[in-house]
Amino acid sequence: MRRVPLRAWVGLVLLVGLGVLSLVAGRLFPESLAQTCPLGWDLNRPDRSVCELAFGGLWVSLAVGLAAGALSTVLGLGVAALARLSGGVTEQVLLRAVDAVFALPDVLVVMVLQLAGQSLMDAGHGVGLGPFGLMVASLALVGWAGPARMFRDRLATLEGQEYVAAARALGGGGVHVLRVHLWPLLRPFVLAVFLSRLPSAILTESTVSFFGIARMEPMSLGRYLGTSYAALIYEGGGRVVLPAWGLLVLLVLGASLASQALGGGPRRQV
């Protein structure tokens with residue numbers, strides 16, 4: 001059995017720790033946090049403490065990253081499986097489509113999707129997504145190509161094993177071979193691919209929200225930073241901005257360490 005590297009444990013512990021902290025402080029007991037926050041009250045929102053906004057934003061950013069990462073992984077896995085089961089011209093067409101989507105800049109495409117989705121919602125055609133659902137859908141639509149390419153390559157490698165050839169020789173169909181012989185070996189890789197999507201999804205959402213394009217409510221870390229960075233020009237403004245910035249760095253660092261150590265694929269520039 002493959003030994004899990006130390007940095008993977010560090011990344012996973014960091015991710016789980018931040019998740020528990022954001023759940024307890026940002027969702028379960030926000031009132032207690034507001035009364036005991038050592039950083040005081042937010043300059044732009046005098047009725048909210050810095051701790052409430054920072055840990056509340058951490059919870060939203062983490063939830064967006066997990067949902068978008070999971071949806072991107074599922075979509076990529078579906079496309080890869082369809083490509084390998086179809087083979088021939090269909091597989092090549094799907095791979096060219098994957099390459100075309102993969103070449104698009106994540107942040108720019110998500111900005112366009114957010115503006116288009118918000119226009120539809122304003123016109124009453126939002127199909128019930130809301131700001132959170134729209135952001136998750138936007139990130140998944142630009143994020144599935146990387147997992148699809150990685151899953152397709154891993155499936156092609158696994159299909160070269162002798163036991164797979166023997167299963168096919170005994171009459172095993174494509175779906176049977178995929179479900180019975182390939183899926184058990186693919187499952188650990190699915191976790192690594194899922195984790196590899198987290199940093200990109202969180203950073204893309206934070207960037208789009210920072211520039212005020214996304215209407216995330218409750219606020220994510222990116223939107224909180226985008227509405228509070230002006231506090232840096234005032235004395236003591238660092239206590240408002242730096243905690244949220246530090247939580248965002250730790251969140252991305254934990255996801256990156258875990259995904260890289262577990263054998264995730266190459267990261268995509270955003």
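**Notebook: helix α7 and the chain around it**

I began with helix α7, which covers residues 145-158, and found that its 14 residues reach 20 Å from first C-alpha to last, close to the 20 Å expected at 1.5 Å a residue; the expected span is 1.5 Å times one less than the number of residues. Helices here are DSSP runs of H or I with at least four residues, strands are runs of E with at least two, and both are numbered from the N terminus.

I noted that the model is predicted, so that local features need pLDDT of at least 70 and side-chain atom pairs count only at pLDDT 80 or more, while totals for chains, interfaces and linings use all residues. Residues are numbered from 1 along each chain as its sequence is written, and side-chain values use heavy atoms, with hydrogens and water left out.

The buried residues of α7 are Ala145, Gly146, Pro147, Ala148, Met150, Phe151, Arg152, Leu155 and Leu158. Their cover includes α3 (50-86), α4 (88-102), α6 (130-143), α8 (162-169) and α9 (174-210).

Of its 270 residues, 46% count as buried, and the C-alpha trace spans about 75 × 50 × 30 Å along its principal axes. With contact meaning heavy atoms within 4.5 Å, I noted that 74% of the contacts between residues at least 6 apart in sequence join residues at least 24 apart.

I checked the UniProt record, an unreviewed entry, which places "transmembrane region" at residues 58-82, 94-117, 123-145 and 242-262; such annotations may be inferred rather than shown by experiment, feature names are shortened, and positions are in the numbering used here. In the model, residues 58-82 are 100% helix and 0% strand, with end C-alpha atoms 36 Å apart, whereas residues 94-117 are 88% helix and 0% strand, with end C-alpha atoms 26 Å apart.

Lastly I turned to Pro5, which lies in the segment before α1 (6-28). Pro5 counts as partly exposed because its relative accessibility is 27%. From Pro5 to Leu141 I noted 136 residues in sequence and 31 Å in space, C-alpha to C-alpha.

Technical notes
Buried means under 20% relative accessible area, exposed over 50%, partly exposed in between (1.4 Å probe, protein chains only).
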